[in-house]
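Hi,

Here is the structure I said I would pass on.

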Amino acid sequence: MNKFRKMVMSAALGSVALSGTAQAACWTPAEVDAAKVRDLQSRMMVAALRCAKSGHDLLPEYNKFVREKRSVLKLGNGVLRSHFAKGRNAKQALRAYDRYAVSLANRYGAGSGDLSECKHMKLLVTAAVQSDSRLTSLVDIAQQHALSPELPGGRCGIVMASKGQP
């Protein structure tokens with residue numbers, strides 16, 4: 001049994017050594033919120049480009065959203081960049097962030113661009129433009145529209161003490 005344990009530990013350490021910093025860090029609640037906002041922005045950007053080709057121009061409203069919400073979008077992207085900087089040098093962190101941002105947009109790239117999708121996206125973009133400039137407002141909109149970004153590494157564990165427990 002002792003020999004077996006050593007082999008298992010050796011294999012586990014070997015896999016950790018091979019993965020290095022490639023393992024994704026877990027996502028804090030603030031990072032999850034920032035990812036939701038980035039996902040929302042990506043979804044609207046792809047829809048604005050796709051729907052313009054089908055005769056439903058959302059691009060002016062999307063551009064208005066980006067202009068008016070620039071500070072909150074920049075804040076969210078800063079949180080995401082910090083997330084991807086964990087355990088990486090600056091160049092690796094930028095590449096990881098870029099890969100993540102592109103993956104969000106690519107997820108929506110296969111949509112149909114049909115009339116019903118563009119009408120739905122018009123409602124989404126309008127709600128985003130009309131929202132106040134708080135990150136939580138954009139997170140709420142993303143959640144209302146069932147947007148759920150990929151979170152490589154998963155959410156960080158939360159330990160909650162119950163009443164009466166030390």
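**Disulfides**

The torsion about the S-S bond of Cys26 and Cys156 is about 90 degrees, so this disulfide is right-handed. The link ties together distant parts of the chain, 130 residues apart: Cys26 sits in the loop between α1 (2-19) and α2 (29-53), and Cys156 in the segment after α7 (135-144). Their sulfur atoms are 2.0 Å apart. Please keep in mind that this is a predicted model.

How exposed is Cys26? Its relative accessibility is 33%, and since buried means under 20% and exposed over 50%, Cys26 counts as partly exposed.

Then there is the link between Cys51 and Cys118, with an S to S distance of 2.1 Å. This pair also bridges distant parts of the chain, with Cys51 in helix α2 and Cys118 in helix α6 (residues 115-130), 67 residues apart. Which hand does this link have? With -100 degrees about the S-S bond, the link of Cys51 and Cys118 is left-handed.

Are the two ends of that bond buried or exposed? Cys51 has a relative accessibility of 1%, so Cys51 counts as buried. Cys118 comes out at 2%, so Cys118 is buried as well.

That brings the count to two disulfides. If you number the bonded cysteines along the chain, the pattern is 1-4, 2-3.

Cheers

Conventions. Residues numbered from 1 in each chain as written. Predicted model: local features only at pLDDT ≥ 70, side-chain atom pairs only at ≥ 80, totals over all residues. Heavy atoms only, no water. Disulfide = S-S within 2.5 Å. Helix = DSSP H or I, 4+ residues; strand = E, 2+ residues; numbered from the N terminus. Buried < 20%, exposed > 50% of the residue type's maximum accessible area, 1.4 Å probe, protein only.
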